[in-house]
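Hi,

Here is the structure I promised to pass on.

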Amino acid sequence: MSVFCDSSSTNNLNMKIVILLALVGVAFAAKLDGLGGNVQVLRDDSVAPVGARYRTSFQLDNGITVDEEGTEGSVGQSVVRGSYSYTSPEGEIITINYVADENGYRATGPSVPTLSRA
């Protein structure tokens, strides 16, 4: 059985999934004390979407940075490439790079677990 979707609904779904994953990553990385404090935006170089093309790039005063770019893929889907960084409780800067395209979501970085093949 196959399911057919038009490219605009696929693009919208891909973009929503990637944005949700980025927000989850940022929320996971944030240090929360009680209800949390206010965070200041130090830099925001984001560009609003035009079709599948957009750019999200910002830095917060708590050490979190997000850089993400969306483009149109080879078969009409959205392709998203980006990274986010945060400071671990031990003071180490953790960076996660990711790609979301027709092959799914793939994250890389020293702190991302990998499958070992036995």
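Tyr-98 has a relative accessibility of 3%, so Tyr-98 counts as buried. Keep in mind that this is a predicted model. Tyr-105 is another matter: its relative accessibility is 37%, which means Tyr-105 counts as partly exposed.

Now for the rings. Searching the whole structure turned up two aromatic pairs. In one of them, Tyr-84 and Tyr-98 are tilted, with 6.3 Å from centre to centre and 45° between the planes. This pair links distant parts of the chain, as Tyr-84 sits in strand β5 (residues 78-87) and Tyr-98 in strand β6 (residues 93-101), 14 residues apart. Tyr-84 and Tyr-98 are both buried.

Tyr-98 also pairs with Tyr-105, and here the rings are stacked: 5.8 Å centre to centre, 25° between the planes. Why does that pair count as stacked? Because its planes are 25° apart, and planes under 30 degrees apart count as stacked. Put together, Tyr-84, Tyr-98 and Tyr-105 make up one aromatic cluster.

One more spot to look at is Val-112, in the segment after β7 (104-108). Which residues does Val-112 contact, leaving aside its neighbours within four places in sequence? They are Ile-96 and Ala-107. Val-112 and Ile-96 are 16 residues apart along the chain, and their C-alpha atoms are separated by 7.4 Å.

Cheers

Methods. Residues are numbered from 1 along each chain as its sequence is written. This is a predicted model: local features need pLDDT of at least 70, side-chain atom pairs count only at pLDDT 80 or more; totals for chains, interfaces and linings use all residues. Side-chain values use heavy atoms; hydrogens and water are left out. Rings of Phe, Tyr and Trp (its six-membered ring) pair if their centres lie within 6.5 Å; planes under 30 degrees apart count as stacked, over 60 as edge-to-face and the rest as tilted. Helices (H or I, at least four residues) and strands (E, at least two) are DSSP runs, numbered from the N terminus. Buried means under 20% relative accessible area, exposed over 50%, partly exposed in between (1.4 Å probe, protein chains only). Contact means heavy atoms within 4.5 Å.
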